[in-house]
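Subject: Structure for you to look at

Hello,

Here is the structure I said I would pass on. Please open it and keep it beside this message while you read the notes below.

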4 protein chains.
Amino acid sequence: MPYEHTSTRRIEFSETDMAGLVHFSNFFKYMETAERDFFEAAGVDLIRTKPGELVGWPRARAECKFSAPLRFGDTIDIHLAVKAVKDRAIDFQFRIFRRNADGSRTQAGKGHMTTIFAQLNETGALQSVELPADLRECITEAPAEVLAKPSR
Amino acid sequence: MPYEHTSTRRIEFSETDMAGLVHFSNFFKYMETAERDFFEAAGVDLIRTKPGELVGWPRARAECKFSAPLRFGDTIDIHLAVKAVKDRAIDFQFRIFRRNADGSRTQAGKGHMTTIFAQLNETGALQSVELPADLRECITEAPAEVLAKPSR
Amino acid sequence: MPYEHTSTRRIEFSETDMAGLVHFSNFFKYMETAERDFFEAAGVDLIRTKPGELVGWPRARAECKFSAPLRFGDTIDIHLAVKAVKDRAIDFQFRIFRRNADGSRTQAGKGHMTTIFAQLNETGALQSVELPADLRECITEAPAEVLAKPSR
Amino acid sequence: MPYEHTSTRRIEFSETDMAGLVHFSNFFKYMETAERDFFEAAGVDLIRTKPGELVGWPRARAECKFSAPLRFGDTIDIHLAVKAVKDRAIDFQFRIFRRNADGSRTQAGKGHMTTIFAQLNETGALQSVELPADLRECITEAPAEVLAKPSR
């Protein structure tokens, strides 16, 4: 069962700010991209809908430590690992790496995100619900060595 | 009946890019802000919903000419004028002004947006519909002199 | 000496996502807005430049816990408090409140941001530097009661 | 000499809005991505810098007509064609296509962008300059049939 995923993308001009670097808020969007790709690879439909029902993935918490700047044109790898599968939520760990010209990689950020499984109730309010059994069977927690050091 | 509106806002750091200027895509967001404020001032509910029905305002076209750069911390005025009220759409004209330290204003951009009145049908496709009569009564087309030169 | 600030703004349509709520990455942009306003009120120039030198405010860390959703049109108050003034960085705490129709407020998020004082060296790399004395004189740490409960 | 380019990307969750569709301002970011890829494939360095000099590519004008909505997870092709090479600017045409499940493509948008070759002068103002000869030799105008109908 899958517990990690690596997504790759380029930094866009529109993601930079006047300091010449990627605006820090975009690190969270990069995490979300890896999460989408992970769920997709695991065969999980992110937006399940039954008639009159929307089930989504709001965040309970998001955090990032920034260790190196990213710049326009950089290619980055976003490594996701499942840290914990809880009753109503999943904890993800992310590491964002910049690919250097010499083939090495520099860690630009390390983040965490707690994603809740939730549905909109009749009044339009979000309500957390238990992860369904078929979803639990699609994913598992990453071993400690993967959390400590991405396999690629 | 209202035919123009001026919204005012500050430029955020996250709206700049590595050239040190506001990224051009944000000019379109500024137009949308003025549109929201205009509809609100005119008493129009932007997102009408009946049970099982979502009515929204997709764009058919958006355009902007950029004549002066905007920078972090600038205060801007976004002037909206109703150019044409059509059967299923409204044409807006926008002028974006930067307030200068000496009290003068510099035009930073001039744009147009065609906004359609539409609803989602059962298959999830967007379908344009006629502007309802009560909405037509809320707004009117701007006189030529307002389109040529904002009153403030 | 100032240790807190409250900024107020409206939620824009472009800040929502397909779940109908504000995309979580925007909470970090709201924090940055309050930081800009705080520095401005304290008389601190955010982007000091001498010839050939750019001094900026990169983040070392950013975190947010999300407790209630924000929606298009909501008015929010973003309360900043200075948690710690360090040698080369400032720790900020943020609370984001949604104003309700009945005059009450709901806390939508609580965040932290560590902002470094840094300059670009000749090789284009960011380097943290000590907070200058005049800046230290402009700001101070918030009392515990302000961190626990915003004054407004 | 190159006169067209096609970039491909996925739609991100953060690019949608509460109507469930891609926010229209993102179409302009997609165009910019194709522009970056085109310049890169043509061997043009987008951000030329000499000591004390920044040369960039501000927009004089941007326009898009929207013909079909894009949704989260869609794969899109962004086709760029060089419409006109001018003294100080390049006119680009863009077509954005959504890839459908049956292998067909739906045109979601058609846009234009006029990109100026400019440098920052000593006072920090942008000033358009002539396209350098080596850059002119890297790109050429697209034949009418490519503008009318992308080759892929």
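Across the interface of chain B and chain A there are four residue pairs in polar contact, with both residues at pLDDT 80 or more. A polar contact here is a pair of N or O atoms within 3.5 Å; within protein, one atom must be able to donate a hydrogen and the other to accept it, and residues adjacent in sequence count only if both atoms are side-chain atoms. By class, the side of chain B that touches chain A has four nonpolar, four polar and one charged residues.

Before going on, some ground rules. This is a predicted model, in which local features need pLDDT of at least 70 and side-chain atom pairs count only at pLDDT 80 or more, while totals for chains, interfaces and linings use all residues. Residues are numbered from 1 along each chain as its sequence is written, chains are lettered from A and ligands numbered from 1 in the order in which they are written, and side-chain values use heavy atoms, with hydrogens and water left out.

Back to chains B and A. Nine residues of chain B are in contact (heavy atoms within 4.5 Å) with nine residues of chain A. The area buried between them is about 810 Å², of which carbon and sulfur atoms give 77%. Buried area is the accessible area (1.4 Å probe) that two parts lose on being put together, summed over both.

How is chain B placed relative to chain A? Copies are superposed by least squares on the C-alpha atoms of residues with pLDDT of at least 70 in both.

Now chains C and A. Here 24 residues of chain C are in contact with 24 residues of chain A. Together the two chains bury about 2,000 Å², 65% of it on carbon and sulfur atoms. Eight residue pairs are in polar contact between chain C and chain A, both residues at pLDDT 80 or more.

Which element gives the most to the side of chain C that touches chain A? The answer is β4(C), with eight residues. Strands (E, at least two residues) and helices (H or I, at least four) are DSSP runs, numbered from the N terminus. The residues on this side of chain C divide into 14 nonpolar, three polar and seven charged. Strand β4 of chain A, residues 59–66, pairs with β4(C) in the antiparallel sense over five bridges; two strands pair if DSSP finds at least two bridges between them. Arg61(C) in β4(C) is the bridge partner of Lys65(A).

The rule finds two salt bridges across the interface of chain C and chain A. In a salt bridge, the side chains of Glu63(C) and Arg61(A) meet at 2.9 Å, N to O. Of the residues of chain C, Glu63(C) also comes closest to the rotation axis, at 2.1 Å (C-alpha).

Regards

Methods:
A salt bridge is a side-chain nitrogen of Lys or Arg within 4 Å of a carboxyl oxygen of Asp or Glu. Ala, Val, Leu, Ile, Met, Phe, Trp, Tyr, Cys and Pro count as nonpolar, Asp, Glu, Lys and Arg as charged, and the others, Gly among them, as polar.
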